[in-house]
Amino acid sequence: MKASAAIALLAAIGAIAPSAHAETVRTEKHEIRVVTVARGLEHPWGLAFLPDGRMLVTERPGRMRIVAANGQLSPPIAGVPEVYPRGQGGLLDVTLHPGFARNRLVYFCYAEPGPGGAGTAMALARLSDDGTRLENLKVIFSQQPKAGGGLHFGCRIVFARDGRVFLTLGERGQMDLAQDVSIHRGQVIRLEADGRVPADNPLVGRNGARPEIWSYGHRNVQGAALHPQTGKLWTVEHGPAGGDEVNIPLAGRNYGWPVIGIGRHYHGAPIGIGTHKAGMEQPVYNWNPAIAPAGMDFYTGDQFPGWRGNMLIAVLRQQMLVRLELAGEKVVREERMLRDVGDRLRHVRQGPDGYVYILTDESNGRILRLEPAR
Ligand SMILES: [Ca+2]
C-alpha cells in the first residue's frame, strides 16, 4: 500500500487527525471557512463541549467518544447502556450538567429497548476523571409505553436557567396518540436535575395525565435551545410534508399535532382539521416544503457578529444550515447556507471559541467548524 493510501485509510477510520481541509463560502453576512475538524464518526448525533475544549460526541449506533481539538477520536467511552439502534433510534443527544466542572455529570438520551420495542430514555452518569467510562449511571426518564419501529424519538436535552432539564420526545410515528397526555407521545418533558417531577409542572394533579409533561401535541422535536435573552425554550420540530415548525413551548400548552398544521401526509392528503383551533398554539415559523430540521442553537459569539441573536438550524433532507433572524419572537429573515457541503446536517452548536460546529449525518460522519475567512 502506498503511504498516501495508508494515511487516507487511517484518517477514514479516525486513527489519525485529518489534515486541515477547508473551503471558503460566501454568505449574506460573512465570508466563512468550512473546516473539517474530525471524521470517522458513525452518524454523530449529540455534541457537548468539555471545559478543556474537547468535544463529547455521541454516535447513533451506541457509542460516545471524546474528540480532541486536533480531531483525534478517543476509544468508545465504557458504560453506555444498550440502545435500540434501528431506524432513527440509537444513542442520541448528550449535554453536560451546568455544574459539570464540579460534579462531572453527563446527561444523555437514547432509544431504550423494552417491552413492545423502544422508547426515548434519559440518563445521567458521572464521567470518570480520566474520561474513559461512565459511572453511577441512573436512568431518570423512560418513555411509556414503548412502541415498535424506528420512527420519531425526538431527543434533545436542554437545561433551563432554573436548573430544571427539558427533554424533547417524538410521537413514535403514532400520530393519533400525540394528543393523549396519559402516555408519553410527542411532548416536551421537564424534570428536576435528579429526575424528580417538579411540583410546579403544569399537569401535576390533573387526573390521568403524566406529570413529567411540560407541553404536548408535538410530532418529533429534534432541535431545542434556550433563547439567550429571554431564557425561554425554543424548539424545532419535524412536521409531515410541508409542516416543519419552530415553537416556543410554554407550560401546559398544546402545539396541535395532528389536529392542526399546514402540513400534509406524504401521499398528499390533508392532516387534521386545518391550521387553527381554539386551545392550540400556532408555531412561530414553519417551512413548506419541509426541510427536515434537526439540531439548533442560538448564536451569541464574537466570530460572526452579523449572526448574533440568530437561530442556526442543521437540516437533514435538504442538506443545509438555516439561519433565522429574529425580531423579538418573530422570524424576519431566513438564509440557507452550506448547500455545497453535500451532507445531511444533524446538529449545530456554538463552541466556547465562538466558532460554529456542525455534525454531518453520515456513516463516515464529520465535525465541521465554521470560521470567518481571513
Ligand atoms: Ca404544531
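Me: Hi! What pLDDT does the chain average?
Reply: The chain averages 94, and 94% of the residues score at least 70. pLDDT is the predictor's confidence in each residue, from 0 to 100. This is a predicted model: local features need pLDDT of at least 70, side-chain atom pairs count only at pLDDT 80 or more, and totals for chains, interfaces and linings use all residues. Residues are numbered from 1 along each chain as its sequence is written.

Me: Which element has the lowest mean pLDDT?
Reply: Among the elements of the chain, that is helix α1 (residues 3-12), at 48, while strand β11 (residues 165-168) has the highest, 99. Helices (H or I, at least four residues) and strands (E, at least two) are DSSP runs, numbered from the N terminus.

Me: New topic: where is P258?
Reply: P258 sits in the loop between β16 (244-247) and β17.

Me: Which residue does a cis peptide bond join to P289?
Reply: N288, with omega about 5°. P289 belongs to the loop between β17 and β18 (293-298).

Me: What about L338, is it buried or exposed?
Reply: L338 counts as buried because it has 22 C-beta neighbours inside 10 Å. The cut-offs are 20 or more other C-beta atoms within 10 Å for buried, 12 or fewer for exposed, and partly exposed in between, with C-beta atoms placed from the backbone. L338 also has a positive phi of about 65°, although it is not a glycine.
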